[in-house]
Each structure stands twice: as structure tokens, then as C-alpha cells.
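Let's take a walk through this fold together, one piece at a time. Please keep the sequence and the 3D view open as you read.

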Amino acid sequence: MATIMVVEDEKELNDIMCMYLRDAGYTVSGCLSVNEAYTAMHGRIIDLVISDIMIPGLDGVEFAAKLRQMDDHLPIIFVTARDDMASKKHGFHTGVDDYMVKPVELDELVLRVEALLRCTGIEERHLLKVGGLMLDAGEMSAQWDGNPVELTVRLPAVQ
């Protein structure tokens, strides 16, 4: 299942969104700031980001722009209190894929997540099958003819 990162500085809302998305079957990380999100993303595959615009430090628009520079195909949804057209235009021109105004209906959030993941083909991109070998990037696992293959961590060479 896809891995989602929620970047929302209101802890209670963050917790509720994370819980709701987990209940829908997703792996979810909740972060209260952009710096926390960068730390949580290090060495992990994130399939979709849900971010507020008004967060401490680097704001959500700048965060989305940096994410878009790192991965042009990463789906990004803004969930924000800003409901004016100028903010929406700015968000979409920055590269977000969807924009929801608070308060959000959590069932609708899940529907939009499902739609974005389906449209981007995220779920299919996690599996690579070659003959009897199947690699699952999302689960960081491998199988040979249906049998699990033990994987080890490869550390970068020391220079």
C-alpha cells in the first residue's frame, strides 16, 4: 500500500488525518513542520504528500516547490484554510495536484488520495517482476518464485 506523509502543524488535525488514512489502509507519517518532514523523508519512499500552506518555518508553497524539484511526479495535496482564488492559483502553479479547503471531509480526502494514486500509477510502480523475481520497493522486499529473499542494507562506500 502507498506511503503518505501529512505535514500539518495543528497536532490534533494531523493525528486525525493520519488515523483516518491508516484506517483506509495506507502507511502514514505525520509531521508538524517542514523540517520534520525532510527528516522523515530521508531514505524513505513517499508516494504522496498532504500539506498545509501555513506551517511554521518554510511555508507549504515553498515546500511543494522544493518537492516538485526533487520529484516531478510526486502527488501533492494542499489542505488549507486559504480559500481565496489567488492562493489556489498560486498552489496549482507551484505544482500541487489537488487543493482542499479546511474543514475537510475525511472521506473526500481518502477519495482524492485514491484518485491521485490511481492516476499517477503509484501502486504499479512499486512492483518489478522479471521472470521468477519480484521486487517490491514499497515493502522493500523481494521474492524468487514466491519465496522470500533476504535483503541487506547497502551502505555507501567510505571515501
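Let's begin with a pair of residues: L135 has A142 in β8 as its bridge partner. Before going on, note that this is a predicted model, in which local features need pLDDT of at least 70 and side-chain atom pairs count only at pLDDT 80 or more, while totals for chains, interfaces and linings use all residues. Residues are numbered from 1 along each chain as its sequence is written, and side-chain values use heavy atoms, with hydrogens and water left out.

The bridge between L135 and A142 belongs to the antiparallel pairing of strand β7 (residues 133-136) with strand β8 (residues 141-144), which runs over four bridges. Helices (H or I, at least four residues) and strands (E, at least two) are DSSP runs, numbered from the N terminus; two strands pair if DSSP finds at least two bridges between them. Strand β8 also pairs with strand β9 (residues 147-149), again in the antiparallel sense, over three bridges. Here P148 in β9 is the bridge partner of Q143.

What links β8 and β9 in their hairpin? Two residues lie between the strands, and D145 takes a positive phi near 50°. That is a positive value in a residue other than glycine. D145 counts as exposed because its relative accessibility is 55% (buried means under 20% relative accessible area, exposed over 50%, partly exposed in between, with a 1.4 Å probe and protein chains only).

Now turn to the open sheet. Five strands pair in parallel in the order β2-β1-β3-β4-β5. At the edges are β2 (27-31) and β5 (98-101), each pairing on one side only. From one strand to the next, the twist averages 15°. Within this sheet, strand β1 (residues 3-7) joins strand β3 (residues 48-51) through four bridges in the parallel sense, and I4 has L48 in β3 as its bridge partner.

Two helices pack on the sheet. Helix α1 touches β1, β2, β3 and β4 (76-80), and its direction makes about 175° with that of β2. Helix α2 (residues 34-41) touches β1 and β2, with its direction at about 160° to that of β1. Axes are lines fitted to C-alpha atoms, for helices over the stretch in contact, and angles run from 0 to 180 degrees between N-to-C directions.

Not counting residues up to four places away in sequence, T3 touches T27, R44, I45, I46, D47 and L48 (contact means heavy atoms within 4.5 Å). N14, in helix α1, is also buried, because its relative accessibility is 3%. Leaving aside neighbours within four places in sequence, N14 contacts V6, E8, G30, C31 and L32.

Helix α1 (residues 11-23) also packs with helix α5 (residues 106-120), at an angle of about 60° and with the axes 10 Å apart. The two are therefore oblique to each other (under 35 degrees counts as roughly parallel, over 145 as roughly antiparallel, 65 to 115 as roughly perpendicular and the rest as oblique). On the α1 side, I16, M17, Y20 and L21 meet L106, D107, L109, V110 and V113 of α5.

One last stop is the loop between β5 and α5, where P103 is placed. The peptide bond from K102 to P103 is cis, with omega near 0°.
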